Each structure stands twice: as structure tokens, then as C-alpha cells.
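Subject: Structure handover

Dear colleague,

Here is the structure I said I would pass on. My notes come after it.

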Protein chains: 2
Amino acid sequence: MNFKIDKTDGNARACTLQTAHSTIQTPIFMPVGTLGAVKSLDAIDLKEILDAKIILANTYHLYLRPTSKVVREFGGLHGFSKFDRSFLTDSGGFQAFSLSKISKPDENGIKFKSHIDGSMHYFTPKSVLDTQYDLSSDIMMILDDLVALPATKERIDLSIKRTINWAKIACEYHKSNKQKSVGIDQNIFGIIQGGTDYNARKLCAEALCEMEFDGLAIGGLSVGESNEEMYDTVEALMPFIDKNRPRYLMGVGTPEDLVQNVERGVDMFDCVMPTRNARNGTLFTSFGKINIKSAAFIKDDNKIDPECDCYTCSNFSRGYLNHLYKARELTFFRLASLHNLHYYLNLVKQMREAIMQGKFKEFKREFYAKRGMI
Amino acid sequence: MNFKIDKTDGNARACTLQTAHSTIQTPIFMPVGTLGAVKSLDAIDLKEILDAKIILANTYHLYLRPTSKVVREFGGLHGFSKFDRSFLTDSGGFQAFSLSKISKPDENGIKFKSHIDGSMHYFTPKSVLDTQYDLSSDIMMILDDLVALPATKERIDLSIKRTINWAKIACEYHKSNKQKSVGIDQNIFGIIQGGTDYNARKLCAEALCEMEFDGLAIGGLSVGESNEEMYDTVEALMPFIDKNRPRYLMGVGTPEDLVQNVERGVDMFDCVMPTRNARNGTLFTSFGKINIKSAAFIKDDNKIDPECDCYTCSNFSRGYLNHLYKARELTFFRLASLHNLHYYLNLVKQMREAIMQGKFKEFKREFYAKRGMI
């Protein structure tokens, strides 16, 4: 993977990543396409309407259904979904932890019960890479040992010990595979754990930065801690993450979270928030969130956001969307998802432009001012 | 409404209808957009992907939600949904009959209980036109007295007596409204009832053809009778329906039903079958129906129908669709609906081409041959 820093503005960075499938300008937000489809959208929507350069797919889900072996038969995720730009796949560890009724990490991996049919499975640092080779993702995430917050010091220490150990195994396994021409176009990112314990985070970051990862992710945030704890942890951690590699904050977050963390030096984000909120009728606008089901919108012929030029805002009114939502029409989900993802992708694009112009502070001030938040 | 017969081939006809919003070449199939949206699709899908010239919306549903008064505020259905071609709206009578828990027709109209909130409502021949003026549809259907089949002779006689009486009231009401500049761009179709009783059908058809309707519909079929009874009733009835007006067979049907009834002289159709079947995983192809959830498609990289050039077939494989269906991904519903509607719209287009070339018989033979049905 080629990576270069185009411009910095304070700690905020505008970078360019090049994978085998696309050129990605950061800061970037990755829409979540859990099962090889962003919910309610298809590959044409993502490319032609949203112009997304990279999306995320979930290894846990695809491993269970249709299975990574089936995806491999179609030429990996690109051939299966027909989204021929970049895919990042997680390791599956987070879902084994959050979705499975039984989830037991041990020294060698994570044992879990399928949420679909109750069958037992075991993820190891090597097995999750094998699955991701089948998926043929452009960026693979390593298996990490996640802990819910708040957590005891003992549990956090165990988590980073395991995570570092698994990272070593993964890094060496990928290196040896590439020598055998397996996964040669696939990149691998390490995941820094440590909860909100700055010392544990630092230890983990330093250990992982010594390994040959193509990028580094901050995992285990946005799992119960306050916003301020998250921002402070990222800020404290950032000096210990190699600046010459992309930095990815996993599973984050709100528009405010994106602005705060870009300011602290994060390059990449993913979150189900824009698509999940869309399906619940919560739509993002430049002046804050609205809930489209409000009776105030019944006769409203305006677009969702007066400043938005997305597919949905270019064509449909708040009144029509209010009606579709209340009638539970399937049409609503796609229109709302397109709007919310456009909002997120436009937000990171605006942040990049601001960084390129050395005006990130001004951008941030205006972002909050419009929301009546300063 | 301008109407002309472009060509006949046996009893089959190719005609052209001109409304204030679009030119419609027949035979035509109208996708059903119950609530002002064809389920899972939007106006851009209908215009740019499917090139539908006319769709149907349901008066009963829109009257209850968001209410026709709200739709009127947006400039009727065209302004509300942004589908700026033609709309046909039914009278609401069929849904008052089929969806409402309590539905009581009397001499003056139909009393029914809302399936949404249980409130009581009363549809009359005039009130359903008032609602359709608010909806601003291009073709309005009159209130008719529908009966479930099989029905007694007494019930059928009562039905056609009421239907003829209500038709007179509607026709005169619309005429007087147009003189007051209400609904001047809106057309009105009569509905012929009479079950499978040829004599009742003939009586009803003759009475309605004497009135100033812009078109004539056959109602009360596809409600429990056999296919052969339906085809025979249409065939027996057709000589008594004015050939110089469009002839619309309501709520029909399967691809075979369309071919059989075009052969008998029907110009227009509507049915939820392509969209409802799509949502259940049943997809139409030139060689018959398939169910995409079949395990046979898990690793199938072919398109749904080798002869199809629809959006879905141009982009996605059976294997991916099988996966999306089984995972209940929202994306599936739109892709399947686009395919099935393309199939129906392409079928009527092919029939028109065959009629224009005087080759309807050959078309029909090939249609059945491909399905292994002759």
C-alpha cells in the first residue's frame, strides 16, 4: 500500500492511500457493508451516487454466511458484490465478542457460538487472516482481545498482552504467506488496545509500531466510555502511533466524533451510525440531526438539508420522506441511507479541503456554530 | 385523453393513450405504487431505470395516510412522489372490500373501518372522485360494488345494478366538475362488474359504454375464479366493450394472464405480482419463474435470466442475490423488484412489437415454448 501525507494542519492530516483497487484520500469515512452490501444500497449506489472509495465488510458475518469459501468462488468481495473499489474487513473478533451469546477468549484465540445457528467456532490470529484472504479485502484487520469498558487493570493488561502476541503471530503469518504469493495485494493493520488506560495504550502502540503493519488502528473505544474519555485517550495515544502509516479509529462515530478525532490526527473511520440512524428516521444535516417522523414535516416541501445536494435532497421532500417513513415503505430506507452517507462522506471531504487550505480550526468553528453549539 | 388504435392483430391491439403527463403505448403494465411509491423503488428508478410511463396508486391507502389533502398540498401525486408521468388511481372500493375488517356496501356507497386505526369511513361515488381530484391522478376509477367469487345470481344482479347507478352518478359528477374547471386534465374510467355471469357482464358493459367514460375497466376478476373462467369471461365480454376506448383488466396477473388477455383485446393491466413476488424471492424469467433462495444458486455467477438486460441482471449474480435474500438484506428487495418489473414491462413491449408486426400468434407460441409449456 502506498501512503503519503499530503498536508498537516495542527495534528489533523490529509493523506493519500493507494490500494490495488482505489486511491483513498483522507480523512475518510468507510460505510459499513456488513454482509457485502451496505444496507439498502448496492455497488452502483456506492460508486455512482455516493462515490465511496472504500467500504467495510464484516468478517464474522461473511464467515458464517454465505461463508468466505463461497465469496472466494466469486473472486472475493469485489467479484461477489461488484463493488470494485477497496474493501476493509475487520477480524471478526468484535462481533464474536458482541453478537455471540457465548464468547470465550483464551491464549490462542476466541471461541464463540454463531448467532445464526448456535454452532461453535474458534477464531485464531491465523484463521481470521485465512478468512480475509478468501474475502480478498484490500485491508485486513488482525484479531485482537477486546474488553468492555469499564474494565479492571488486570483485564486490560491481559488484553494488551494477548493483542501484542496475536499481532506478532498475524504479522509473521502474513509475511510468510506473501512469500508464497498469498494475499500479496492485501494490506494488514494492527489494532491497539488498552481501554482508557494511557499507559497500556502506549505500551501496545509501541509494540505494534515495531511490527510491519501497513496501518494502525485504535480499537476498543466507543464501547461504553464517555466522549471526553474517548477524545482524551486518542489524544494521549497519538504521539505513540507511527505518523508514517494510516491511523484508523474503529467503530467511530458521530459527526462530532469525526471532527474531534480528525483534529487529533485520525485518518480513517467506520461506523454503522449513518445507515442505522437512517433506518430509524434520524437524518444528519449541517445544522444537526432531525427525526423525519416528526409531525412538523408532514406538509414540508423542502429538502432534508438546505445545504445538501445528495440524491435524496435533489429529488425528494421532507414531506414525502415523512410519509414513506411512517408507512414503513422500503423506499425510505435507501433514500435515508443515501442522504446520511452523503452527509458523512461530504463531512470528511470538507475536512480534507480545510486541512489542505490550513483552515481546519475555521472549519471546526463553523461546524459547531451551525449546530448552535458554540 | 387522446386514444388511438395503432394496429390490431386478431383481437390483440396496439394503441396509444395520451394523458397530460405521458404518452402510453399499449399493451401496458402499470407497476403498483400503493402509497405513492412502488415498494422499494423511487421515481428516478421508475423513470430512468424502468422507463415506466404510468403507475398505479391506491386511493384507499392515500386517503387514510398521509390523506389526500396532504398529497394535494404537494401538487398531487406527481409533486409528492416526483414521478411526473401518468398515475392511475383506483377508487378505493376494492381495498375497502378486501383490507377493512368491516365493509358494508349499501345503495349509496361503502362503509368501512380503517385497517390502520379502526376509524369508520364512507366512500360514495362522488367522494372517491373528490379524493382522486386531490390526488390529481391522470386516470380516475369510479366506485363499483365488488363481489367475491363464487357469488349468487342475486348478489351479482345487485352488484351490477349498484355499479351502473354509481357509474351514472360519477360520470355526471365529473362532467359538472370539469365545467367548473375541476379535474379538467383527469380522465375517468368505468368498471364493468358481473362476476363470471356473461349476461350480467354484457348488461353492465352495455350500460357503461353508453356513458361518457374515457376508458372501460373489467373489475371483479382474479378474485377466486379459475384462470379459464377469467379468460372465458374476458373473451365473452370483449365484443360488448367499445373498441374505441382503452380496455383495462384490473388486478391481473401472471405473465401468462397478460399474454392470454392481450390476445383477447385487453390494453392495460396492473398487479402487485411482480413486486410482491420479488420480495418473496420469486423472480420471473423468459423460461419461467425461479426462486432465488434455492441452494442451487449459492455459487451461481450467472445473471437471473440469460436473456435479460435489466439493471439487476446487468450488474449482479444469482449467487449474490441468493445471499442477499437469505440474509434478509434490504438491498435485495430493490434489485428483485427492478428485475421483475423490467420483466413485465419488457413482456408488454414485446407483445406490442409482435402486434405491430402482425406476429402475435408467433410471439405467443414462442412465449409458451420457452417455458416448456407447449
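This is a predicted model: local features need pLDDT of at least 70, side-chain atom pairs count only at pLDDT 80 or more; totals for chains, interfaces and linings use all residues.

Residues are numbered from 1 along each chain as its sequence is written, chains are lettered from A and ligands numbered from 1 in the order in which they are written, and side-chain values use heavy atoms, with hydrogens and water left out.

Relation of the chains

Strands in chain B

Helices (H or I, at least four residues) and strands (E, at least two) are DSSP runs, numbered from the N terminus. Two strands pair if DSSP finds at least two bridges between them.

Strand β5(B), residues 54–57, runs parallel to β6(B), residues 86–89, and four bridges join them. Ile55(B) has Phe87(B) as its bridge partner in β6(B). Both faces of β5(B) are covered: Ile54(B) and Leu56(B) on one side, and Ile55(B) and Ala57(B) on the other, are all buried (under 20% relative accessible area; exposed is over 50%, partly exposed in between; 1.4 Å probe, protein chains only).

An open sheet of three strands has the order β7-β8-β9 in chain B, with antiparallel pairing. Its edge strands are β7(B), 103–105, and β9(B), 120–123, each pairing on one side only. From one strand to the next the twist averages 15°. Three bridges link β7(B) to β8(B), residues 110–113, and four link β8(B) to β9(B). Phe112(B) is the bridge partner of Ser103(B) and also stands opposite His121(B) in β9(B). The covered face of β9(B) holds His121(B) and Phe123(B), and the uncovered one Met120(B) and Tyr122(B). Six residues lie between the strands in the hairpin of β8(B) and β9(B), where Gly118(B) takes a positive phi near 75°.

Helix pairs

Axes are lines fitted to C-alpha atoms, for helices over the stretch in contact, and angles run from 0 to 180 degrees between N-to-C directions. In chain A, α6 (125–135) and α7 (153–179) pack at about 45° with their axes 9 Å apart. That makes α6(A) oblique to α7(A) (under 35 degrees is roughly parallel, over 145 roughly antiparallel, 65 to 115 roughly perpendicular, the rest oblique). Contact residues include Leu129(A) and Tyr133(A) of α6(A) and Trp166(A) and Tyr173(A) of α7(A).

In chain B, α7 (153–179) and α8 (198–209) pack at about 5°, with axes 10 Å apart, which makes α7(B) roughly parallel to α8(B). Among the residues that meet are Ile160(B) and Ile164(B) in α7(B) and Leu203(B) and Cys204(B) in α8(B).

Ile192(A)

Ile192(A) lies in strand β11(A), residues 187–192, and counts as buried at 0% relative accessibility. Not counting residues up to four places away in sequence, Ile192(A) touches, among others, Arg201(A), Leu216(A) and Ile241(A).

Regards

How values were computed:
Contact means heavy atoms within 4.5 Å.
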